[in-house]
Amino acid sequence: IAAKVMAGKKLSEFDLTTIDKGQIAVKEAVFPFARFPGVDTVLGPEMRSTGEVMGLSDNFGMAFAKSQLGGGVTLPSSGKVFISVRDHHKAMMADLAKELVELGFSIIATGGTCKYLREAGVETEYVRKVHEGRPHIVDAMKNEDIVLVFNTTSGKQSLKDSFSLRRTALTQRIPYFTTAAAAKACVEAIKALSEDDYDVMSLQQLAG
């Protein structure tokens, strides 16, 4: 059927029925950044993934957690989370930070984000940006003080300034999310893992 659709047939021409299996699937692309020293992890038109993995569960949080695990990323259950986001994402990130604190995490952030989170009622530790002098956030990451990073940027300069963050997260194997949507999904995944452990279901079981 898929081949016929690609050849021009319409789905409406086939006698198809929808079967709700009560499952959610999350697909994650896997990129070989670690194999290339000095390469930025920001995606561009020349990037090619080396494969894809899928997380399957009856809820989105666990499905996302499984997709990350399949891609080589183990989400933390406790520790210090670094947050540095563009102004447009600060309100949403404050809500996520509160959820993380409730889950047992502590929050650390750079200037503007730190000020916003504190004003929103989130206990937040301050840390310097790299260009503000040492000790800075990259030092903290290399010292294994950071278990998770949420960093969204705006503009070429901001993207350039955060290169060392992304590269350090890669080499230190720290989960790193660069969009507000991914950060939200990550928190949902951590919440799901706090309530239940990974479960395994074969595709054959699902099909049956």
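In what order do the five strands of the open sheet lie? The close-up views below, taken from a predicted model, begin with that sheet.

**View 1. The open sheet has five strands.** Their order is β5-β4-β3-β6-β7, and they pair in parallel. The edges are formed by β5 (124-126) and β7 (176-177), each of which pairs on one side only. Strands of a sheet pair through backbone hydrogen bonds, either parallel or antiparallel.

**View 2. The strands β6 and β7 run parallel and are joined by two bridges.** In this part of the sheet, V149 stands opposite Y176 of β7. Elsewhere on the sheet, helix α4 packs with contacts to β3, β4 and β5. The direction of α4 makes about 155 degrees with that of β5.

**View 3. The largest nonpolar core holds 29 residues.** Within this core, I83 and F150 touch the most other members. Two or more residues come from each of α2 (60-70), β3 (79-84), α3 (90-102), β4 (105-109), α4 (111-119), β6 (146-151) and α8 (180-195). Helix α8 gives the largest share, seven residues.

**View 4. The surroundings of I83 include F150.** Leaving aside residues up to four places away in sequence, I83 also touches M93, A97, I107, I108, A109, T110, T113 and L117.

**View 5. Another core, of 13 residues, lies apart from the largest one.** Among its members are F82, I108, M141 and L165. One of these, I108, is also among the residues that I83 touches.

Notes
Residues are numbered from 1 along each chain as its sequence is written. This is a predicted model: local features need pLDDT of at least 70, side-chain atom pairs count only at pLDDT 80 or more; totals for chains, interfaces and linings use all residues. Side-chain values use heavy atoms; hydrogens and water are left out. A nonpolar core is a set of buried Ala, Val, Leu, Ile, Met, Phe, Trp, Tyr and Cys residues joined through side-chain atoms within 4.5 Å. Buried means under 20% relative accessible area, exposed over 50%, partly exposed in between (1.4 Å probe, protein chains only). Helices (H or I, at least four residues) and strands (E, at least two) are DSSP runs, numbered from the N terminus. Contact means heavy atoms within 4.5 Å. Two strands pair if DSSP finds at least two bridges between them. Axes are lines fitted to C-alpha atoms, for helices over the stretch in contact, and angles run from 0 to 180 degrees between N-to-C directions.
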